[in-house]
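User: I am new to this structure and would like to be taken through it. Could you show it to me?

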Amino acid sequence: MDIKNMKDRFEQLRTPFYYYDTGLLSETLETIRRETAGREGYHLHYAVKACANPEVLRLIQQAGFGADCVSGGEIRTCLENGFRADTIVFAGVGKADWEIELALEAGIQCFNVESIPELEVIAGIASKMGKVADVSFRINPDVGAHTHGNITTGLAENKFGIAMKDMTHVIGIARQLPSVRFTGLHFHIGSQILLMDDFEALCHRINELQDRLEADGIKVENINVGGGLGIDYAHPDEHPVPDFNAYFGTYARHLKLRPGQQLHFELGRAVVGQCGSLVTRCLYVKQTESKQFVIVDAGMTDLIRPALYGASHCIQNLSSTGPVRTYDVVGPICESSDVFAKDYLLPETRRGDLIVLRSAGAYGETMASCYNCRELPKAYIN
Ligand SMILES: *Cc1c(COP(=O)(O)O)cnc(C)c1O
């Protein structure tokens, strides 16, 4: 789809809002299905925190995905939108008691446990409820990903996971606890990863850990490699669908699965990132001594990625074909970091022009806030 063809429809709607292209989402889901179809024991869990729009969730669920949740609220949202409890995995360093109870009550597939205190709390709650909790351990593989510092998660310095040297010890503890069952290992090295070498490094690390466990006579039913595949923010129209062939191929080539072992993926951004856009309007063009600002009616409250990660999105003016000018594109929020782009080339822009921030489907709407007493952005889906 060419976003320019949406101009007449967008003109009817009050800005700012999110727009999701279901055609592209379906194409992406179909590509994932095709690339995993011939591979035995591959399971997909959509990382709900990327985008929890109910209609988007429903399409993903209908495509056969399970879910990866990081809060009780996400588990609830998934159950309300058709996901089967036994396809839900639950990660996060700070699971509250009520969230653990909710997950046990629902009968989720697995807790991805990130510390010994958490394991003990889950065991205690499960025991009280007369249940057995299936647990995987999130291991910190100390594998760096070539991505933004705020979104690497698999380094020793990060808060996530259990250190490799403690792995056998925690599995031993789990085996002593009658109300938990050890079912696997979980990893997630970060997000917006475009170098397949990073995933390959993770595979080698997992192979080593598996060899070590095997030597200790420990059997692992499930390997969960998390998510992290990136998208092309600079060229959304040239690469609307990420290279899933390279991604799944990397795991197929380098990860040594044991007979019968199941392999789980938790993709978020790569599934929904390119299908979403944030549509906004130019409120003012402001000239200062050194700069020209395009001030739009969307702000960091609607899309926080540029302010939070220094992320850049492709920006398009749907209303102008004028000569190209250089602008800083900024929002109306009372923060200096409320900037979408600096020194960005756009056709000459005027008040009222429709401005679109592309590739905003992941970590966009879900991260919106009401700061400055603003309304949350609406969302439209075709
Ligand atoms: C955020 C997250 C994911 C998804 O990451 P993407 O980069 O969006 O694919 C997967 N697993 C866990 C545990 C996460 O926290």
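Predicted model: local features only at pLDDT ≥ 70, side-chain atom pairs only at ≥ 80, totals over all residues.

User: How far apart are the end C-alpha atoms of α8?

Analyst: They are 29 Å apart, which agrees with the 28 Å that its 20 residues (196–215) should span at 1.5 Å a residue. The expected span is 1.5 Å times one less than the number of residues. Just after α8, Gly217 takes a positive phi of about 75°.

User: And α6, which of its residues are buried?

Analyst: Glu118, Leu119, Ile122, Ala123, Ile125 and Ala126 are the buried residues of α6. They pack against α5 (97–106), β5 (110–113), β6, α7 and β8. The helix covers residues 116–128 and reaches 18 Å from its first C-alpha to its last, close to the 18 Å expected.

User: What is found at the start of α6, and what follows it?

Analyst: At its start, a side-chain oxygen of Ser115 comes to within 3.2 Å of the backbone nitrogen of Glu118. A polar contact is a pair of N or O atoms within 3.5 Å; within protein, one must be able to donate a hydrogen and the other to accept it, and residues adjacent in sequence count only if both atoms are side-chain atoms. Gly130 follows α6, and its phi is positive, near 70°.

User: Turning to strands, in which sense do β9 and β10 pair?

Analyst: They pair in the parallel sense over 3 bridges; strands count as paired if DSSP finds at least two bridges between them. Asn222 has Gln262 in β10 as its bridge partner. Strand β2 (residues 42–47) also pairs in the parallel sense with β10 (residues 262–265), over 3 bridges, and His43 stands opposite His264 in β10.

User: Asn224 is in β9. Is it buried or exposed?

Analyst: Asn224 counts as buried because its relative accessibility is 4%. Its side chain reaches the backbone nitrogen of Gly226 at 2.8 Å. Leaving aside residues up to four places away in sequence, Asn224 touches Val89, Asn112, Leu185, His186, Phe187, His264 and Glu266.

User: How is the protein divided into domains?

Analyst: There is domain 1 (22–272) and domain 2 (274–381), with bounds from an automatic or database domain assignment. Their centres, taken over C-alpha atoms, are separated by 32 Å. In contact are 25 residues of domain 1 and 21 residues of domain 2.

User: Lastly, how many residues lie between β11 and β12?

Analyst: These strands form a hairpin with 4 residues between them. Strands β11 (residues 276–287) and β12 (residues 292–296) run antiparallel, joined by 5 bridges, and Tyr284 stands opposite Ile295 in β12. Strand β12 also pairs with β14 (residues 324–330) in the parallel sense over 3 bridges, where Phe293 stands opposite Asp328.

Methods. Residues numbered from 1 in each chain as written. Heavy atoms only, no water. Helix = DSSP H or I, 4+ residues; strand = E, 2+ residues; numbered from the N terminus. Buried < 20%, exposed > 50% of the residue type's maximum accessible area, 1.4 Å probe, protein only. Contact = heavy atoms within 4.5 Å.
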